[in-house]
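Here is a friendly note for anyone opening this structure for the first time. Keep the view beside you and take the points in order.

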Amino acid sequence: MKMTPEAAQKMADNYTSAWCSHEPNAVASFYAENGKIVINEGEPSTGRTEIAEMAQAFYNDFPDLVVRMDSIRSSGTHAVFSWTLEGTSSSTGNHVEVSGWEYWRYTEDGLISDSAGHFDADDYHRQVDGG
């Protein structure tokens, strides 16, 4: 499906709100039934159940998690969603703020079929650990 820039903006706004809702199924609802997300080239979370579990893991790690949309760039059937995650680590109590991006590919019905997410893992762990 070709997504207009306006539709991509609206989707990105709603996806950001879903992350901020702390409802893992709300995040997963943006993905196709068999959609997947891969973070920093790790193991994929495939299907809405696994995607919801991935989101829940972030909520467990950051009970006050907030995601801000920095930008969205769309090219019809693909988009790049840039974001900043901010929260307090539940394991260390340290404040963490890390930016990253997701490369999305859309399905015919306007859901995310594939997302490749990236952020600076070294900086993330440094902030969590307080180094």
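**Notes on a predicted model**

1. Let us begin with one residue and its surroundings. Setting aside residues up to four places away in sequence, isoleucine 37 touches Tyr31, Glu43, Pro44, Ser45, Ile51, Met54, Glu102 and Ser115. Please keep in mind that this is a predicted model.

2. Is isoleucine 37 buried or exposed? Isoleucine 37 counts as buried because its relative accessible area is 4%, and the cut-off for buried is under 20%. This residue belongs to strand β1. Isoleucine 37 and glycine 117 are 80 residues apart in sequence, yet their C-alpha atoms are 7.1 Å apart in space.

3. Isoleucine 37 also leads us to the neighbouring strand. Its bridge partner in β2 is serine 45. Strand β1, residues 31–39, is joined to β2 by two bridges, and the two strands run antiparallel.

4. Now for the whole sheet. Which order do the strands take? The open sheet has six strands, in the order β2-β1-β6-β5-β4-β3, with mixed pairing. Its edge strands, each pairing on one side only, are β2 (45–46) and β3 (66–74). Helix α1, residues 5–20, packs on this sheet and touches β1, β3, β4 (78–88), β5 (95–106) and β6 (112–119). The direction of α1 makes about 165° with that of β3. Helix α4, residues 121–129, packs on the sheet as well, touching β5 and β6, and its direction makes about 150° with that of β5.

5. Threonine 46 sits in strand β2. With a relative accessible area of 36%, this residue is partly exposed. Apart from neighbours within four places in sequence, threonine 46 is in contact with Asn34, Gly35 and Lys36. Threonine 46 and serine 89 are 43 residues apart in sequence and 26 Å apart in space, C-alpha to C-alpha.

6. The next hairpin is β4 with β5. How many residues lie between the two strands? There are six, and glycine 93 in the turn has a positive phi of about 80°. The antiparallel strands β4 and β5 are joined by 11 bridges. Glycine 87 has valine 96 as its bridge partner in β5.

7. Strand β5 pairs with β6 too, in the antiparallel sense, over seven bridges. Arginine 105 is partnered there by aspartate 114 of β6. The hairpin made by β5 and β6 has five residues between the strands, and glycine 110 in its turn has a positive phi of about 85°.

8. Take a moment to look at the two faces of β5. In a regular strand, side chains alternate between the two faces of the sheet. The covered face of β5 has Val96, Val98, Gly100, Glu102, Trp104 and Tyr106. The uncovered face has His95, Glu97, Ser99, Trp101, Tyr103 and Arg105.

9. Where is glutamine 127 placed? This residue is in helix α4. Glutamine 127 is buried, as its relative accessible area is 13%. Not counting residues up to four places away in sequence, glutamine 127 touches Asn94, His95, Val96 and Glu97.

10. The structure holds one cavity of 30 Å³ or more, and the largest cavity has a volume of about 200 Å³. Its lining has 16 residues, of which Trp19, Phe58, Trp83, Leu85 and Glu102 lie nearest the centre. The elements α1, β1, α3 (47–61), β4, β5 and β6 each give two or more residues to that lining. By class, the lining has 13 nonpolar, two polar and one charged residues.

Definitions and conventions: Residues are numbered from 1 along each chain as its sequence is written. This is a predicted model: local features need pLDDT of at least 70, side-chain atom pairs count only at pLDDT 80 or more; totals for chains, interfaces and linings use all residues. Side-chain values use heavy atoms; hydrogens and water are left out. Two strands pair if DSSP finds at least two bridges between them. Helices (H or I, at least four residues) and strands (E, at least two) are DSSP runs, numbered from the N terminus. Contact means heavy atoms within 4.5 Å. Axes are lines fitted to C-alpha atoms, for helices over the stretch in contact, and angles run from 0 to 180 degrees between N-to-C directions. On a 1 Å grid over the protein atoms alone, a cavity is a set of points where a 1.4 Å probe fits but cannot get out, and a pocket is an open set with protein on both sides within 12 Å along at least five of seven lines; lining residues have an atom within 4 Å of a point. Grid points are joined across faces, edges and corners, and a volume is the space filled by probe spheres set on the points. Ala, Val, Leu, Ile, Met, Phe, Trp, Tyr, Cys and Pro count as nonpolar, Asp, Glu, Lys and Arg as charged, and the others, Gly among them, as polar. Buried means under 20% relative accessible area, exposed over 50%, partly exposed in between (1.4 Å probe, protein chains only).
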